[in-house]
Amino acid sequence: YSETGAFGVSLTITENNCTETYTDTVYVVAEPVLNFEINSASGCVPLAVQFENSSSAETPLFYYWQFGDGEVSNAESPSHTYFSTGSFDVSLTIVTTSGCIIEITETAENAISVYPPPQAGFVFDEQNLNILDAQVQITSTAGDNLDCYYATSDGATYDDCDFSHIFGESGQQWIQQFVTNEYGCSDMVIGYVNINGYTFYAPNSFTPNQDGINDVWMPVSTGVSEYELKIYNRWGECIFETKDPKEPWSGNVHNGEHFAPDGVYQWRVVMKDLLLYPHDFEGHVTLIR
């Protein structure tokens, strides 16, 4: 039979003018077709790969996958994760046990490429600094031919693998490094430096006239764990207070009920540094609208 389908077969016997016929059917089925595709055939370790099987047969099929790394599967369209780097052959065997009984194997050589990731790493020239001299030199140990990107806890970014940075805040600060290799694989590491000490500075005047220049008054401080600012008028009445070192005074009185007139106002800041040592500062600020 050169074609698939159902074919009737008849056998007729004649003897002594007697005739008898027997009819039956022959079924010719197509040979199974093996076919599969691989999604995400290359990438960084660990690499998750989905195998799409489109093999077909007129009778039930059984599958046997070999992923090249020693792992196998009997699923129709399996997924598999590669945890080692290198190139891997992938083979699929299909088997039928009825109809056209056959076993077919197809191998895709070097079908999977798993690339190694870089190893992020960097060192500081100094890990314990003082706020008055808080410059640190960062040197990458991640290797050559890598793209580097850094982010710091005080909002700075760098794309050089080696650089220096000056921290403007006390306390434990961090630097985060991201490295990417030629395959697009990346790694990340974070390091910490300790910035000791504190700073405090208070301007002596401001002009809250809404011209966008010197419109608010706020002491500048770093290395603060606790903070309280109070501002008093000439009669000793507290007209503004805050526990937030980043909250400025805009010249209002009692949370904006009205504005303070031009004049000289006394202020006092009581705070604790990161070691919880107390500090007390007092002074005067001139308000000019």
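In the predicted model, 51% of the contacts between residues at least 6 apart in sequence join residues at least 24 apart. The secondary structure of the protein consists of 27 strands and 0 helices. The radius of gyration is 40 Å, well over the 19 Å that the globule rule gives for 289 residues, so the protein is more spread out than a compact globule. The C-alpha trace spans about 145 × 50 × 35 Å along its principal axes.

Of the 289 residues in the protein, 33% are buried. The accessible surface amounts to about 17,200 Å², and carbon and sulfur atoms account for 47% of this area. Charged side chains comprise 7 positive and 40 negative ones.

At the residue level, Asn128 was examined. Asn128 belongs to strand β12, which covers residues 128-130. With a relative accessible area of 46%, Asn128 is classed as partly exposed, because that class lies between the limit of under 20% for buried residues and that of over 50% for exposed residues. The side chain of Asn128 forms a polar contact of 3.1 Å with the side chain of Asn194. The C-alpha atom of Asn128 is also 6.1 Å from that of Ile195, a residue 67 positions away along the chain.

Methods: Residues numbered from 1 in each chain as written. Predicted model: local features only at pLDDT ≥ 70, side-chain atom pairs only at ≥ 80, totals over all residues. Heavy atoms only, no water. Helix = DSSP H or I, 4+ residues; strand = E, 2+ residues; numbered from the N terminus. Buried < 20%, exposed > 50% of the residue type's maximum accessible area, 1.4 Å probe, protein only. Polar contact = N/O pair within 3.5 Å; in protein donor to acceptor, adjacent residues only side chain to side chain. Rg over C-alpha atoms; globule rule 2.2 N^0.38 Å. Contact = heavy atoms within 4.5 Å. Areas by Shrake-Rupley, 256 points an atom, 1.4 Å probe, with all protein chains shown as cover. Lys, Arg positive; Asp, Glu negative; His and termini not counted. Charge placed at Lys NZ, Arg CZ, Asp CG, Glu CD.
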